[in-house]
Amino acid sequence: MPPPSAWSEALGDYFRQRGTYMEHLRIGDLGDAPAHNLLRRHMAADHLFSIVITPDDLPDAALTSGTSVAMLNIHRDSFRDANLGLLLWVPLQRARRFMDLASNLSDYRTAELELPSTSPDASQALTKGGEAKTASTLHNLPFRSLGSGFVGRQTEMQQLHDLLASSGSGAITDTLALEGLGGVGKTRLAIEYAWSHLADYTHIFLIRADSPESTRSGLAGLAGPEWLGLPGGVESPESERLESVLTWLGQHPKWLLILDNADDPKAAAYVSDHLLPRLKTGHVLLTTRYQRWGGQVQGLKLSPLLEDDATVWLLNATTQHRAAGVDDAAHARAIVQAVAGLPLAVEQIAAWISHHGSSLRETLQNLQQEDSALLSWFDPREISYPRPVAAVWQQTVSLLSKEEAAVVRLLAHLSPQPVPDFFLTEAQLPGMEEKADLWPIVRRLQDRSILTERDDRATQLHRLWIELERRRTPKVEQPLWIIAALGLMKRALPLEVDDVRTWPRMQLLEAHCQQLIESTVHQSAHSLERNTWSKAARGLILVLNQLGLFWKSQDRLAESEPLFRKSLALCETEYGEHSPRVVNALGNLAALLE
């Protein structure tokens, strides 16, 4: 079916105002002509094509084989020009699968575009007032606003607004740190503030800041054509792109930069010493558990939800799904008190009740029962959360299917960073006899709020749940989960990591590679059965090699060297010193040292 006329007209006006001509074609109109021939025929430099894809164009067989992407007949260099674009109208029921397939091609970048309504009033808002002010704000916010579902933080939202006043001499501070316990809602508050003040900024960017490396990489990525479009582009070394982004930020006002999860002292030192002195023309908002920022950062302590707010929210969120009881208000308050008002725990309880249809009384009793069963893994000296929070997680996982629990445990052995959808393919997990398609399982976990679906085609397990699930995993099983994750990583890693077109994919996998390296190295070869260690070591060799090559291509030479040396040592141990794999490892190290 053709795109809705309201959307079509609104988008046409929107792009024409930016000097881009828009044309609608059906996929059949492309025929066998390569895309660059199509462009030559139209002789257009600034041209955006809207390809209408109907269900008949995407048979199930094509979706499973990947040919639905190839059917577009787009050659590698056809859309390299930053002024060219391709807008695909894919049927909603096939959109997720199509995006999955397209994201697996390193030379094919995709982005989802959602319009708020098909009504004429809504479409006119794109270009005529109303949404026009927000439509011009460039941002990479990973989650949509909760809207009316975001409650209990009105005071903090006002404090943020007061402290981060409009740009200019009226600003009280340029840098603000949202401080608090994990799961208290720091990132969510920052994102909701950004959405509610979208019109106050020209650019809003959220960058992962849990290490100096991730902060540098995230900022350097803003130089690309889809964001700031700075000279040099993605082909330039990371250091040059980072410098160009910092220069741009230093020369332009009215931007908001959210540095998320800046918890590590090294990451905090890098932000304080190298970034903040250069970021004075806009606003920087930190989310962090680190509290020693010094005078250049204004701190705003984020506490758990007020008991009354959390109780009302829990009652309202579950009212249509739970079995009602006369003492619901009292039981809801007791649950909130048990988890100390931690928003993440209250949200998980609400999702659990909604899924199982339990009463609040039964839920409270279950939490108390689970609390008594935590002795096998909960150590209050090492876990800085109330025992009932751990009971919430244990109750949640205990009622998952075998496949669902396996996927949760797998993700817990990756980084807390988003896991891209293309990583979640078919796999055989420990304790499962056959391979399983992970994506349907992930979707069920998202529906139950155990995993969070992001707007950048990724899913995420909260770092608090990751910490608790890792502690629940018996030590004897941990190598098996690491090996399973290494197996998925082997299929996800691009081969030519020195090719600039693979860099966006590598950036999505980088944090997970680092986590797997750290986890595998901690598993001593002397403490594991030889065959088990060999499987882990051979998977680790590939991750070390590819991450090292990627960092080398990014001019991060000092970080690459220990990876290549570790890869060489493992190759000699696992394959023998005369193996071709050793020669390859030696060649990588020699090229780096040269």
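Trainee: What makes helix α19 largely enclosed by the rest of the structure?

Mentor: In this predicted model, eight of the 11 residues of helix α19, residues 402–412, are buried, and the helix is therefore largely enclosed by the rest of the structure. Those buried residues are E404, A406, V407, V408, R409, L410, L411 and A412.

Trainee: Which elements do the buried residues of α19 pack against?

Mentor: They pack against the helices α18 (387–398), α20 (438–447), α21 (463–472) and α22 (478–492), and against strand β10 (419–420).

Trainee: Why is I450 called buried?

Mentor: The relative accessibility of I450 is 3%, and the term buried requires a value under 20%. I450 therefore counts as buried. I450 is placed in the loop between α20 and β13 (452–453).

Trainee: Which residues is I450 in contact with, leaving aside its neighbours within four places in sequence?

Mentor: The contacts of I450 are Q348, W393, T396, L400, V408, L445, Q460, L461 and W465. For W393, which is 57 residues away from I450 along the chain, the C-alpha separation is 9.5 Å.

Trainee: Why is S449 called partly exposed?

Mentor: S449 has 30% relative accessibility. Partly exposed covers values between the 20% limit for buried and the 50% limit for exposed, so S449 belongs in that class. S449 is found in the loop between α20 and β13, and its phi is near 65 degrees, a positive value in a residue other than glycine.

Trainee: Which residues have the most contacts inside the largest nonpolar core?

Mentor: That core has 117 residues, and those with the most contacts inside it are L285, L314, F423, L429, L461 and W465. Helix α24 (residues 530–553) gives the most to this core, namely nine residues. A second, separate core has 30 residues, among them Y270, L275, L286 and V297.

Trainee: Which residues does L461 touch, not counting those up to four places away in sequence?

Mentor: L461 touches W393, V408, L411, A412, P416, I450, L451 and I466. L461 also belongs to the lining of the second largest cavity, together with L411, S415, P416, Q417, V419, T459, Q460 and I466.

Trainee: How do the residues of that lining divide into nonpolar, polar and charged?

Mentor: Five are nonpolar, four are polar and none is charged. The space in this second largest cavity is about 40 Å³, and the structure holds three cavities of 30 Å³ or more.

Trainee: How many disulfides does a search of the whole structure find?

Mentor: Zero disulfides are found; the term would require two cysteine sulfur atoms within 2.5 Å.

Trainee: Why are C513 and C571 called buried?

Mentor: C513 has a relative accessible area of 0%, so C513 is buried. C571, at 2%, is therefore buried as well.

Trainee: What share of the protein do buried residues make up?

Mentor: Buried residues make up 51% of the 594 residues. The secondary structure comes to 26 helices and 14 strands.

Definitions and conventions:
Residues are numbered from 1 along each chain as its sequence is written. This is a predicted model: local features need pLDDT of at least 70, side-chain atom pairs count only at pLDDT 80 or more; totals for chains, interfaces and linings use all residues. Side-chain values use heavy atoms; hydrogens and water are left out. A nonpolar core is a set of buried Ala, Val, Leu, Ile, Met, Phe, Trp, Tyr and Cys residues joined through side-chain atoms within 4.5 Å. Buried means under 20% relative accessible area, exposed over 50%, partly exposed in between (1.4 Å probe, protein chains only). Helices (H or I, at least four residues) and strands (E, at least two) are DSSP runs, numbered from the N terminus. Contact means heavy atoms within 4.5 Å. On a 1 Å grid over the protein atoms alone, a cavity is a set of points where a 1.4 Å probe fits but cannot get out, and a pocket is an open set with protein on both sides within 12 Å along at least five of seven lines; lining residues have an atom within 4 Å of a point. Grid points are joined across faces, edges and corners, and a volume is the space filled by probe spheres set on the points. Ala, Val, Leu, Ile, Met, Phe, Trp, Tyr, Cys and Pro count as nonpolar, Asp, Glu, Lys and Arg as charged, and the others, Gly among them, as polar.
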